[in-house]
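This note is meant for a colleague who is meeting the structure for the first time. Please read the numbered points alongside the sequence and the model.

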Amino acid sequence: GTFENFKKEFSNAAKKLFGSGWTWLIVSDGRLVITSTSNQDNPIMDIAEVKGFPVFCIDVWEHAYYLKYQNRRADYIDAFWNIVNWDMVSKRFKKATS
């Protein structure tokens with residue numbers, strides 16, 4: 001799909017995550033997958049619902065955004081797209097698919 005569709009899907013996953021956790025873009029079985037984990041869990045753990053190699057993620061624990069955004073998680077997620085290091089994402093993707 002398009003970047004805009006990906007951005008919307010990833011952002012929605014982060015916005016829907018209840019409580020503390022992470023939303024990830026991972027490579028799983030050779031495919032890019034958006035997934036979320038609660039608390040300290042991550043997609044490389046045995047207990048992960050969807051396992052894979054992390055390409056990038058957003059921290060949606062309240063400590064990540066409260067000082068600047070208070071309880072406005074959606075504003076934090078929207079601002080996140082302005083700071084993604086796409087060079088690093090590309091390197092991680094290449095590593096995951098090589």
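1. Basis of the note. The model is predicted, so local features are described only at pLDDT of at least 70 and side-chain atom pairs only at pLDDT 80 or more, whereas totals for chains, interfaces and linings use all residues. Residues are numbered from 1 along each chain as its sequence is written, and side-chain values use heavy atoms, with hydrogens and water left out.

2. Confidence. The predictor's confidence in each residue is given as pLDDT, on a scale from 0 to 100. For the protein the mean pLDDT is 92, and 98% of the residues reach 70 or more. Helices (H or I, at least four residues) and strands (E, at least two) are DSSP runs, numbered from the N terminus.

3. Strand E1 and its partners. Two strands count as paired if DSSP finds at least two bridges between them. E1 pairs with strand E2 (residues 31–38) in the antiparallel sense over 8 bridges, and with strand E3 (residues 53–59), also antiparallel, over 6 bridges. Towards E2, Val27 has Leu32 as its bridge partner, and Ser28 stands opposite Arg31. Towards E3, the bridge partner of Ile26 is Pro54. E1 is mostly covered, with 7 of its 8 residues buried; buried means under 20% relative accessible area, exposed means over 50%, and partly exposed lies in between (1.4 Å probe, protein chains only).

4. Positive phi angles. Most residues other than glycine have a negative phi. Which residue takes a positive phi in the hairpin of E1 and E2? It is Asp29, with a phi near 55 degrees, in a hairpin that has 2 residues between the strands. Asp29 is not a glycine, and at 80% relative accessibility it counts as exposed. Asn39, likewise not a glycine, has a positive phi of about 50 degrees. Asn39 is found in the loop between E2 and E3 and is partly exposed, with a relative accessible area of 36%.

5. Helix H3. In helix H3 (residues 73–80), the residues Arg73, Tyr76, Ile77 and Phe80 are buried. Seen down the axis of H3, the buried residues fall within an arc of 100 degrees, so they line one face of the helix. The arc is that of the directions from the helix axis to the C-beta atoms.

6. Aromatic pairs. Rings of Phe, Tyr and Trp (its six-membered ring) pair if their centres lie within 6.5 Å; planes under 30 degrees apart count as stacked, over 60 as edge-to-face and the rest as tilted. The count by this rule comes to 15 aromatic pairs. In one of them, the rings of Phe56 and Phe80 have centres 6.0 Å apart and planes at 5 degrees, so the pair is stacked. Phe56 lies in strand E3 and Phe80 in helix H3, so this pair ties together parts that are 24 residues apart in sequence. Both Phe56 and Phe80 are buried.

7. Trp81 counts as buried at 9% relative accessibility, whereas Trp86, at 38%, counts as partly exposed. One aromatic cluster is formed by Phe3, Phe6, Phe10, Phe56, Phe80, Trp81 and Trp86.

8. Asp59. Is Asp59 buried or exposed? At 16% relative accessibility, Asp59 counts as buried; this residue lies in strand E3. Leaving aside neighbours within four places in sequence, Asp59 is in contact (heavy atoms within 4.5 Å) with Gly21, Trp22, Ala64 and Tyr76. The side chain of Asp59 also reaches the backbone nitrogen of Trp61 at 2.8 Å. Asp59 and Lys91 are 32 residues apart in sequence, and their C-alpha atoms are 20 Å apart in space.

Definitions and conventions
Polar contact = N/O pair within 3.5 Å; in protein donor to acceptor, adjacent residues only side chain to side chain.
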